[in-house]
Amino acid sequence: MDNARWKNVPFVLRSGKALGEVSKEIIVTFRSPRHLPLGLKDNNQPDRLILQLKPGALTLELAINAEGDPFALEQKSLFAELGKARMLPYGEVLGGIMDGNALLSIRGDVAEECWRIVDPVLKAWSAGDVPLQEYPAGSDGPEGWGVIPD
């Protein structure tokens, strides 16, 4: 993102096959506040929004006033699970196509533009210009995956 709002905000995309734990999620980790009001004791944990893509659910982890000590902050989680889909994902796409509903489909020019963007990446991987990180099957992924860059 090349604008003032997102300047110096790290975006980390991780994708792997044969990982030890199957996980399809987006985690937004919020920056710590610049300062806390006088007297509050920080819990030193970031606020996070976790969007689980399968199953559909979200968790919001926020620092709020602790029970019993309003000057201490503690992390609390709010969890919500989406209702069950009536079909598997590919079934929903195919059902929409058969019903004439293009909501879950993309136009041909959009598909071509996606390939225009992805093709140089695939070629760079094939040529060894951008190395893929390797890891043992069943592991948590390459070393350092759990670290978010500063």
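Which residue forms a salt bridge with E113? The partner is R116, and the closest N and O atoms of the pair are 2.7 Å apart. A salt bridge here is a side-chain nitrogen of Lys or Arg within 4 Å of a carboxyl oxygen of Asp or Glu. The model is predicted, so local features need pLDDT of at least 70 and side-chain atom pairs count only at pLDDT 80 or more, while totals for chains, interfaces and linings use all residues. Residues are numbered from 1 along each chain as its sequence is written, and side-chain values use heavy atoms, with hydrogens and water left out.

R116 and E113 are three residues apart in helix 2 (residues 108-127), so about one helical turn separates them. R116 is exposed, with a relative accessible area of 52%, and E113 is partly exposed at 36%. Salt bridges that share partners also join E67, E74 and K76 into one network. For accessibility, buried means under 20% relative accessible area, exposed over 50%, and partly exposed in between (1.4 Å probe, protein chains only).

The structure holds seven salt bridges. One of them links the side chains of K41 and D69, at 3.0 Å from N to O. K41 lies in the loop between strand 1 and strand 2 and D69 in strand 4, so the pair ties together parts that are 28 residues apart in sequence. K41 has a relative accessible area of 44% and D69 one of 26%. The side chains of R107 and D109 also meet in a salt bridge, at 2.9 Å from N to O.

The strands belong to an open sheet of four, in the order 1-2-3-4 with antiparallel pairing. Helices (H or I, at least four residues) and strands (E, at least two) are DSSP runs, numbered from the N terminus, and two strands pair if DSSP finds at least two bridges between them. Strand 2 (residues 48-53) and strand 3 (residues 56-66) pair over six bridges. The bridge partner of I50 in strand 3 is T59.

The lining of the second largest pocket divides into eight nonpolar, three polar and three charged residues. Nonpolar covers Ala, Val, Leu, Ile, Met, Phe, Trp, Tyr, Cys and Pro, charged covers Asp, Glu, Lys and Arg, and the others, Gly among them, count as polar.
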